Amino acid sequence: MKRGLFILWLGLLIAGCAPRGEIAHVPLAVGGEAAMRRVFVATNRNLAPDGDLNLVRQNFGAPRSRELRYGWADVSIPPTHQQGEIEWPGRAKPDPRRHFVTRDGGPYPGSADKARQSFLGGLTAASQPGRKDVVVFVHGFNVNNAEAVYRVAQVSHDFDAQIPVVLYSWASAGKLRGYVYDRDSVIYSRDGLEQVLTDLADNGWRVTLVAHSMGSHLTIETLRQAAISGNTKSLKALRGVALISPDIDEDVFVQQASRIEPFPEPFLVLVSTADSALNASAWLTGKQWRLGSMQDKTRLAGLPVDIVDLTEFTGGDKRKHNTAFTAPAAIKLLYELERGIDKRR
């Protein structure tokens, strides 16, 4: 292995040894200047096995479930929050004045159908009267449920989302060595994501679909599956798609996209040639780059896709893999893009 790649992998392994995100439950984390963001969750993760069914005390884990579960979490954002950051308590006592904490939440109770109806009802209650727009966020590789929930809360807060946000929390192993497990989970999770999109479309929701890293592979696979099966209603309900740092082979992406009809527009692909995580993934696959780190943008010629290059943006994640969420300038750019899309519709 070349020295540069060895150093890259060493850095990733060191990062993997850092404490993982956990949901910190502080029931009275309200009042003062703390902001509150509600995250709606649809997941094919199993609950962790100690029998406590409360999401804020009992996290969804890595094992895959054959059925979808639905839940919600109210996440408190500290008044000292810095744009692009998630202020984790780490090993300190969770303090809502300084940390992201969860005030309340849990799985919706009852049968699968009852939980689904409660989930859809919650979206309606969280929306402005007469408006049925929603964002669905699909997380990436090596992400546990707590990290996904808090990331969605951070993005929702920093982007000043005026519509409810749904996290599709697919069954990532949440481990650096779980790359193959997560790739298999992508295939396993397509039906669940399509079901979420179908339920939203059937109930009149317009969906902005946002995916990160390996979650982009899951997203494009699901859209391809919906098109092939004739589920055009779900595709027509999409008001836009954004793939952020997509961990997909560009040849595979072109092949996937060619089967999607109608093709959702606008369709954004956010890339960075400095993305060290995707460069490592490319090395594993024996290619020069992944879709999210591609250098030859003519590879997507002919597709109705807009490429947004974040290579030169600084700040936030040193690996350049989470730039869209962590670099204030990138957040401002995407905020303006979203507002521009919204005004055109």
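Modeller: A salt bridge is a side-chain nitrogen of Lys or Arg within 4 Å of a carboxyl oxygen of Asp or Glu. The structure discussed here is a predicted model.

Colleague: How many salt bridges does a search of the whole structure find?

Modeller: Side chains of opposite charge can pair when their charged atoms come close. A search of the whole structure for such pairs gives a total of 19 salt bridges.

Colleague: Which parts of the chain does the salt bridge of aspartate 133 and arginine 239 tie together?

Modeller: The side chains of aspartate 133 and arginine 239 meet in a salt bridge, at 4.0 Å from N to O. Both aspartate 133 and arginine 239 are buried. Because aspartate 133 lies in strand 4 and arginine 239 in strand 7, the pair ties together parts that are 106 residues apart in sequence: strand 4 (residues 133-138) and strand 7 (residues 238-244).

Colleague: Is aspartate 247, which forms a salt bridge with arginine 290, buried or exposed?

Modeller: In the salt bridge of aspartate 247 with arginine 290, the closest N and O atoms are 2.7 Å apart. Aspartate 247 lies in the loop between strand 7 and helix 7, and arginine 290 in the loop between helix 8 (276-285) and strand 9 (306-309), so the pair ties together parts that are 43 residues apart in sequence. Arginine 290 has a relative accessible area of 4% and is buried. Aspartate 247 has 4% relative accessibility, and therefore counts as buried.

Colleague: What is the relative accessible area of lysine 297?

Modeller: Lysine 297 meets aspartate 309 in a salt bridge, with 3.3 Å from N to O. This pair links aspartate 309 in strand 9 with lysine 297 in the loop between helix 8 and strand 9, twelve residues apart. Aspartate 309 is partly exposed, at 35%. Lysine 297 is partly exposed as well, with a relative accessible area of 32%.

Colleague: Which side chain of opposite charge is nearest to arginine 45?

Modeller: Arginine 45 lies in strand 1 (residues 35-47). Its side chain makes a polar contact with the side chain of histidine 139 at 3.4 Å, and a polar atom of that arginine 45 side chain lies 3.0 Å from the backbone oxygen of tryptophan 170. Arginine 45 is buried yet has no salt bridge; at a distance of 7.3 Å, the nearest side chain of opposite charge is glutamate 147.

Colleague: Why is the pair of phenylalanine 40 and phenylalanine 119 edge-to-face?

Modeller: A pair of aromatic rings is described by the distance of the centres and the angle of the planes. The count comes to seven aromatic pairs. In the pair of phenylalanine 40 and phenylalanine 119, the ring centres are 6.5 Å apart and the planes stand at 80 degrees. Planes over 60 degrees apart count as edge-to-face, so the reason is the angle of 80 degrees.

Colleague: Which residues form one aromatic cluster with Phe119?

Modeller: Phenylalanine 119 is buried, with a relative accessible area of 2%. The rings of tyrosine 70 and phenylalanine 119 have centres 4.9 Å apart and planes at 40 degrees, so this pair is tilted. Tyrosine 70 is in strand 2 (residues 60-77) and phenylalanine 119 in helix 2, so the pair ties together parts 49 residues apart in sequence. The residues that form one aromatic cluster with Phe119 are Phe40 and Tyr70.

Colleague: Which residues are in contact with proline 264, leaving aside its neighbours within four places in sequence?

Modeller: Proline 264 lies in the loop between helix 7 (250-257) and strand 8 (267-271). Because its relative accessibility is 4%, proline 264 counts as buried. Leaving aside neighbours within four places in sequence, its contacts are Leu223, Leu238 and Val241.

Notes: Residues numbered from 1 in each chain as written. Predicted model: local features only at pLDDT ≥ 70, side-chain atom pairs only at ≥ 80, totals over all residues. Heavy atoms only, no water. Helix = DSSP H or I, 4+ residues; strand = E, 2+ residues; numbered from the N terminus. Buried < 20%, exposed > 50% of the residue type's maximum accessible area, 1.4 Å probe, protein only. Contact = heavy atoms within 4.5 Å. Lys, Arg positive; Asp, Glu negative; His and termini not counted. Polar contact = N/O pair within 3.5 Å; in protein donor to acceptor, adjacent residues only side chain to side chain. Phe/Tyr/Trp six-rings, centres within 6.5 Å; stacked < 30°, edge-to-face > 60°.
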